[in-house]
Amino acid sequence: MAICTGPFFRRVAARKKKGMDVKITISARDGETGVGKTSLAVFLGKYFNTSSKPYRAEENATYDVGEFNALYDQLPRGSTANLEEAEQLDARRSNSNQNVETARTWETRRVDEITSIMTLPSVAELDRRMERLHNFWINVTARGQCKIYAAHINDWTHDVYYEGLQQFRWPNMDHDEDYQKLVEMKEEWNAGDDTSDWVREHEVREEFEKELEQKQQEMRDRIVTSVYENTDLSQGEVGESLPEDMRIKQQRVGQIVNGG
């Protein structure tokens, strides 16, 4: 078992003792994959979970941003909430709803005493608002090894800078049930076989766009039929009379007015 001592663990303990939340970001040197970010997240998730409810991957961890934000309402005080693949919140999507909502969760839910742990390939990919809010950055340097930093904001430039705290080694988690469960969840997530009650943002957007396109076509067809039946315009003229983004050829007008 790893010996959890040093400045990082003392500072986390001090925050929790004061009833404060803790926000931790885990990345890897050079953005490498397969170096153990998830196993470290599970290890710390279990270690820092001080609620009366034991840490369980299926309840405390997720790959879905919306579900992660909802954990703040579902978990008791002192719990740990893990978000895997947090590059979904990268800086290039800073205006997306999920980025805004997650930043708001971090800003406004501090009194819930949740220890939030996010994993992503590189801290550089994190939304800048969230980088300014997190307390600790852990950089995995090799499997089972990491360097831990405290995040601070410069009073003059307001830039984020990092104070080196310690190096740390954690145990092999390959046979841990919650680590195995999280790996299974990742495989389902990557395969698009997420069986949770949550729907991914891109799926909602695609469904909305499909529904909108269908409604627009139905409205266009009603207009075409009405104009053709109530004016002396030819089918070609009807197609040309539509708004520029709705114009169609004579053949398509004929299909519409004939019920095709």
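Helix 10 is followed by Gly259, which has a positive phi near 80°. The structure described here is a predicted model. Within helix 10, which spans residues 250–257, the buried residues are Val253, Gly254, Ile256 and Val257. Viewed down the axis of helix 10, its buried residues fall within an arc of 165°, so they line one face of the helix.

The secondary structure of the chain amounts to 10 helices and seven strands. The chain has 260 residues, of which 44% count as buried. Among contacts in the chain with a separation of 6 or more, 67% are between residues 24 or more positions apart.

Parallel pairing is found at strand 3. Strand 2 (residues 61–62) and strand 3 run parallel and are joined by two bridges. Across this pairing, Ala61 stands opposite Asn82 in strand 3. Between the two strands the chain passes through helix 4 (residues 65–74), and this β-α-β crossover from strand 2 to strand 3 is right-handed. Strand 3 also pairs with strand 4 (residues 115–119), in the parallel sense and over four bridges. Here Ala81 of strand 3 stands opposite Ser116 in strand 4.

The side chains of strand 3 were examined next. In a regular strand the side chains alternate between the two faces of the sheet. In strand 3 (residues 80–83), Thr80 and Asn82 point one way, while Ala81 and Leu83 point the other way. All four of these residues are buried.

Strand 5 (residues 136–142) pairs with strand 6 (residues 145–153) in the antiparallel sense, over six bridges. Ala142 has Gln145 in strand 6 as its bridge partner. The hairpin of strand 5 and strand 6 has two residues between the strands, and Gly144 in this hairpin takes a positive phi near 85°. Strand 6 is in turn paired with strand 7 (residues 160–169), again in the antiparallel sense, over nine bridges. In this pairing Lys147 stands opposite Gln167 in strand 7. Strand 6 and strand 7 form a hairpin as well, with six residues between them. His158, in the turn of that hairpin, has a positive phi of about 65°.

The largest nonpolar core contains 33 residues. The members that touch the most other members are Phe8, Ile24, Ile26, Leu40, Leu44, Ile138 and Phe168. At least two residues of this core are supplied by each of helix 1 (7–17), strand 1 (22–28), helix 2 (37–48), strand 5, strand 6, strand 7 and helix 7 (177–190). Helix 2 gives the largest share, six residues. Apart from this core lies another, of 15 residues, including Val65, Leu75, Met118 and Leu120.

The surroundings of Phe8 were listed without counting residues up to four places away in sequence. On this basis Phe8 touches Ile24, Leu44, Phe48, Phe136, Ile138, Ile148, Leu165 and Gln166.

The structure holds zero disulfides.

How values were computed:
Residues are numbered from 1 along each chain as its sequence is written. This is a predicted model: local features need pLDDT of at least 70, side-chain atom pairs count only at pLDDT 80 or more; totals for chains, interfaces and linings use all residues. Side-chain values use heavy atoms; hydrogens and water are left out. Buried means under 20% relative accessible area, exposed over 50%, partly exposed in between (1.4 Å probe, protein chains only). Two strands pair if DSSP finds at least two bridges between them. A crossover is right-handed if, with the strands pointing away from the viewer, the path from the first strand over the helix to the second runs clockwise. A disulfide is a pair of cysteine sulfur atoms within 2.5 Å. A nonpolar core is a set of buried Ala, Val, Leu, Ile, Met, Phe, Trp, Tyr and Cys residues joined through side-chain atoms within 4.5 Å. Contact means heavy atoms within 4.5 Å. The arc is that of the directions from the helix axis to the C-beta atoms.
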